[in-house]
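Please read these notes beside the model.

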Amino acid sequence: MSVIAPPGTLRVTPDAIEEAAKLLYIRALKILPDDIKQGFHRLDATETDGLAKSVLATMIENIAVAERTENLLCQDTGIPIFNVEIGRDVEVDGWALKQAIARGTERATREHPLRSSVVHPITRMNAHTSCGAHVPVINIDFVETPRRLRLTMIPKGSGSENGSFLQMLIPADGIAGVKRFVVDAAIKAGGKVCPPTILGVGVGGTSDLCMHLAKVAATRPLGTVCEDPEGAKLEVELSEAVNSLGIGPQGLGGDSTAFAVHVEVAATHITMNPVAVNVQCHSARRASATFTPEGVEVGF
Amino acid sequence: MAHHILHMPCTEADIRKLRVGDTVTLQDTLFGIRDATQIHMFDRGRRTRFDLNGHAVIHTAPNVRKVDPSGTNQAGYEAVCIGTTTSDRMERFTRPLMEREGVRIIIGKGGLREDSARAFQELGGCYLAVIGGAAALETTWITAIKDVDMDDLNPESLWRFAIRDFGPLIVGMDAHGGSLYRDVQSSVEARRAAVLAKLGAG
């Protein structure tokens with residue numbers, strides 16, 4: 001049985017995906033999204049600590065140097081993550097799409113060249129391709145938007161990824177337990193996660209979903225708000241709390257510990273109260289390509 | 001808060017002059033070192049042909065481009081982007097780096113712990129903080145990759161860089177037991193109870 005793409009369908013080829021994956025990996029490493037740049041200026045405007053202000057100034061200078069010299073913002077090329085949103089009436093070979101993303105990642109690594117930061121977890125061997133078992137990480141979602149495919153690339157740095165925490169709290173710990181866990185995670189991570197950060201918090205779900213929610217939260221653009229009203233309230237409270245700790249940029253003290261705390265929630269079991277934290281460092285890099293019948297638009 | 005310019009290699013007396021909060025600019029030579037480099041050197045007994053005595057090492061694994069060895073690129077590598085990684089993972093290598101190799105300065109981000117603070121105090125060493133994630137800027141302070149050892153560990157090889165005006169770096173831990181990281185951590189711990197109380201999570 002064959003399925004024929006009806007008229008009005010957007011067809012995206014593996015070659016187009018491969019080119020986009022390559023371009024997005026390199027672009028993400030070089031140009032910070034506008035929301036993050038604005039986040040820096042917001043923090044700089046309110047920072048009261050002298051050393052912290054000079055640290056922020058160096059970070060802001062680095063963004064300009066990277067753009068001027070067309071160089072990478074940070075040496076850490078990260079673990080490549082690709083989020084794929086496939087709208088309705090899109091025709092794409094899913095298996096070929098995954099292969100194309102890996103090929104694009106490997107080509108970016110070899111052709112730019114980029115440091116391959118990816119090794120086998122047991123032998124520690126580096127194939128110098130930025131690829132390996134289950135890497136690039138590819139998350140595929142299906143959305144309502146018609147004739148649109150969006151590919152978002154996130155090079156996830158390890159300094160902040162090592163600041164990941166999961167706790168299977170119990171219902172009796174309540175939301176107070178969740179809040180305490182997040183504050184203590186921020187304290188434990190200290191300067192190691194390259195603050196100012198976006199602190200991503202997952203609440204609910206299963207253990208793996210909870211951790212994934214924390215990643216989604218950590219990599220969401222600044223200025224976006226949790227769709228769940230209770231989650232949104234938690235974002236405001238925790239952002240204020242974390243920025244009252246005095247950890248500061250690079251953990252050297254100051255007010256600017258986090259650009260924001262982002263929260264994502266999922267329903268959970270009557271016996272469970274899971275909470276997870278995933279951290280995005282100040283080099284909050286991402287790039288995206290949107291495929292529509294009009295063509296491909298590259299942005300953040 | 002004084003500013004110091006150090007030409008590498010340096011002496012113990014040079015290091016003892018530095019105090020937490022001072023700033024430092026390094027000149028001439030810098031070695032790049034990382035997790036795998038130190039695991040091989042100190043857990044597996046490998047020796048480097050480089051003389052690290054009196055030198056500074058930076059926690060890094062650079063992005064490089066292979067080129068024909070010539071002129072400024074004698075090692076066959078050209079710098080693409082050189083930055084700094086989180087130091088905490090390499091905490092247990094501070095003392096062996098100093099005792100066995102004679103290293104005086106460790107450069108990194110995020111700081112080191114109390115064992116390192118003691119090693120710096122006893123042996124005359126310090127930790128200089130570079131701004132993590134500011135690698136495009138840091139790369140402009142490196143003039144060439146002069147040599148590379150243990151390159152089977154690439155990118156976690158032992159790199160010898162030529163540097164010019166590398167800094168300013170912040171003295172995060174000094175040779176007198178001082179640690180900016182310890183100070184910040186204590187002040188954060190002191191604020192924790194009030195922050196939790198405000199959240200209704202005390």
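How close do the axes of helix H3 (residues 94-101) of chain B and helix H4 (residues 114-123) of chain B come, and at what angle do they cross? The first point takes this up.

1. Helix pair in chain B. The axes of H3(B) and H4(B) come within 8 Å and cross at roughly 25°. Axes here are lines fitted to C-alpha atoms, for helices over the stretch in contact, and angles run from 0 to 180 degrees between N-to-C directions. The two helices are therefore roughly parallel to each other (angles under 35 degrees count as roughly parallel, over 145 as roughly antiparallel, 65 to 115 as roughly perpendicular and the rest as oblique). H3(B) brings Thr94(B), Arg95(B), Met98(B) and Glu99(B) to the contact, and H4(B) brings Asp115(B), Ser116(B), Ala119(B) and Leu123(B). Two residues are in contact if their C-beta atoms, placed from the backbone, lie within 7 Å. By class, this contact has three nonpolar, two polar and three charged residues (Ala, Val, Leu, Ile, Met, Phe, Trp, Tyr, Cys and Pro count as nonpolar, Asp, Glu, Lys and Arg as charged, and the others, Gly among them, as polar). Helices (H or I, at least four residues) and strands (E, at least two) are DSSP runs, numbered from the N terminus.

2. Basis. This is a predicted model; local features need pLDDT of at least 70, side-chain atom pairs count only at pLDDT 80 or more, and totals for chains, interfaces and linings use all residues. Residues are numbered from 1 along each chain as its sequence is written, while chains are lettered from A and ligands numbered from 1 in the order in which they are written.

3. Domains of chain A. The assignment gives domain 1 (10-29 + 73-156 + 285-299) and domain 2 (158-280). Such bounds come from an automatic or database domain assignment. Taken over C-alpha atoms, the centres of the two domains are 26 Å apart. Their contact takes six residues from domain 1 and four residues from domain 2. On the domain 1 side, the classes are one nonpolar, two polar and three charged residues.

4. Chain interface. Here 42 residues of chain B are in contact with 43 residues of chain A. On the chain B side, strand E4 (63-66), strand E5 (77-81), helix H5 (135-139) and helix H6 (180-198) each give two or more residues. H6(B) provides the largest share, eleven residues. This side divides into 22 nonpolar, 14 polar and six charged residues.

5. Nonpolar core. The largest core has 141 residues; Ala21(A), Val201(A), Cys126(B) and Leu128(B) touch the most other members. A nonpolar core is a set of buried Ala, Val, Leu, Ile, Met, Phe, Trp, Tyr and Cys residues joined through C-beta atoms within 7 Å. Strand E9 (residues 158-173) of chain B gives the most to this core, with nine residues. Domain 1 and domain 2 of chain A each supply at least three residues. Leaving aside neighbours within four places in sequence, Ala21(A) is in contact with residues including Phe82(A), Ile101(A), Leu151(A) and Met153(A).

6. Is Leu72(A) buried or exposed? It has 27 C-beta neighbours inside 10 Å, so Leu72(A) counts as buried (a residue is buried if 20 or more other C-beta atoms lie within 10 Å of its own, exposed if 12 or fewer, and partly exposed in between; C-beta atoms are placed from the backbone). Leu72(A) lies between helix H3 (50-68) and strand E2 (79-88) of chain A. Beyond four places in sequence, Leu72(A) touches residues of both chains, among them Leu29(A), Ala66(A), Asn63(B) and Cys81(B). Ile247(A), with 31 such neighbours inside 10 Å, is buried too. The loop of Ile247(A) runs between helix H8 (229-242) and strand E8 (258-266) of chain A. Contacts of Ile247(A) include Pro195(A), Val184(B) and Val188(B).

7. Backbone checks. The peptide bond from Val135(A) to Pro136(A) is cis, with omega near 5°. A cis peptide bond also joins Pro195(A) and Pro196(A), with omega about 5°. Arg147(A) has a positive phi, near 45°, and counts as partly exposed with 17 C-beta neighbours inside 10 Å. Met150(B) has phi near 55° and is buried with 20 C-beta neighbours inside 10 Å.
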